[in-house]
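Please look through the sequence and the model shown here before reading on.

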Amino acid sequence: MTTIKSDNYKSIVFFTGAGMSAESGVPTYRGRGGIWSQYKWEEYACQEAFDRDPEKVLKFHELRRQSVLACAPHVGHTVIAELEKKHPRVIVVSQNIDGMHQRAGSKQVIELHGSLWRVRCPSHGIFQDMGEKFENYKCTQCGSWLRPDITWFGDMLDQDVITEATIVIRQCDLFISIGTSGVVWPAAGFPKVAREHGAYCVEINPEPNEMSSLYNESVRETAGVVLPRLFA
Ligand code: APR
């Protein structure tokens with residue numbers, strides 16, 4: 001693995017998945033110890049589950065909030081946030097809902113799958129809600145259940161967010177993917193978009209997957225180990 005001279009690139013995108021937060025102690029979704037091996041997403045992470053039993057789904061997300069708040073960003077998150085301060089264009093495009101990049105200090109973060117720290121009312125919009133427990137389960141204005149503002153299984157992604165992400169990925173000349181299994185679309189298509197638009201593409205993931213052949217370079221170590229070395 002060589003180091004990357006960030007000054008050689010005009011626009012850098014860090015494309016992150018659950019593996020980015022693994023060394024902070026936030027479990028990934030798939031594989032051993034993954035969230036979806038412990039909890040059936042059909043019961044906790046889809047609109048149908050919420051319609052059936054909103055309280056059960058909200059309590060599950062409160063557990064997730066508690067476990068994320070017990071974790072802290074690691075050195076890899078810090079490397080990305082520090083690079084943003086000294087480079088004119090560093091953008092994080094993340095599938096993560098945990099807010100770890102922002103806690104490390106990153107400002108330019110596109111959240112593809114929403115946020116664990118927001119809820120939305122079908123009539124009154126989106127509210128920030130940052131605590132271990134949700135401030136309210138129901139909208140104080142209309143009494144509707146407040147749904148976590150997260151992309152669940154079967155949901156459409158916010159088209160504006162996808163468009164924004166696609167534009168920055170097309171424009172970047174360095175694309176660094178970190179800790180994603182590359183199975184959830186449309187995010188899984190982003191490395192191909194970056195490659196087709198001429199970016200140098202690096203994958204950081206201890207395990208290869210079906211998307212690995214798209215990258216110019218793959219580094220088979222963890223985010224917290226690789227990022228400080230890569231940008232030393
Ligand atoms: N550093 C880098 N990569 C890691 C690390 C680490 N320390 N630990 C694990 N990984 C890798 C795994 O090898 C795996 O490829 O991170 C990846 C995690 O994959 P997933 O759990 O599938 O997470 P992700 O790709 O982000 O999932 C996509 O699926 O259910 C949804 O909405 C959820 O945003 C999520 C989406």
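## The ligand and its surroundings

A residue is counted as near a molecule if one of its heavy atoms lies within 4 Å of that molecule. In this predicted model, 22 residues surround the ligand, and the closest of them are Tyr29, Arg30, Thr180, Ser181 and Asn205.

The ligand taken alone exposes 740 Å², of which the protein buries 89%.

## An open sheet and a helix across it

Three strands, in the order β5-β4-β6, make up an open sheet with antiparallel pairing. Because β5 (125–128) and β6 (147–150) stand at the edges and each has a single partner strand, one side of each is left without a neighbour in the sheet. From one strand to the next, the twist averages 50 degrees.

Strand β4, which covers residues 114–121, pairs with β6 in the antiparallel sense over three bridges, and Val119 has Pro148 in β6 as its bridge partner. Helix α5, formed by residues 54–69, lies across β4 and β6 and runs at about 145 degrees to β4.

## A cis peptide bond

The peptide bond that leads from Trp185 to Pro186 is cis, its omega being near 5 degrees. Pro186 itself is found in the loop between β7 (174–178) and α9 (190–196).

Notes
Residues are numbered from 1 along each chain as its sequence is written. This is a predicted model: local features need pLDDT of at least 70, side-chain atom pairs count only at pLDDT 80 or more; totals for chains, interfaces and linings use all residues. Side-chain values use heavy atoms; hydrogens and water are left out. Helices (H or I, at least four residues) and strands (E, at least two) are DSSP runs, numbered from the N terminus. Two strands pair if DSSP finds at least two bridges between them. Axes are lines fitted to C-alpha atoms, for helices over the stretch in contact, and angles run from 0 to 180 degrees between N-to-C directions. Contact means heavy atoms within 4.5 Å. Accessible areas come from the Shrake-Rupley method with a 1.4 Å probe; for residues, only the protein chains shown count as cover.
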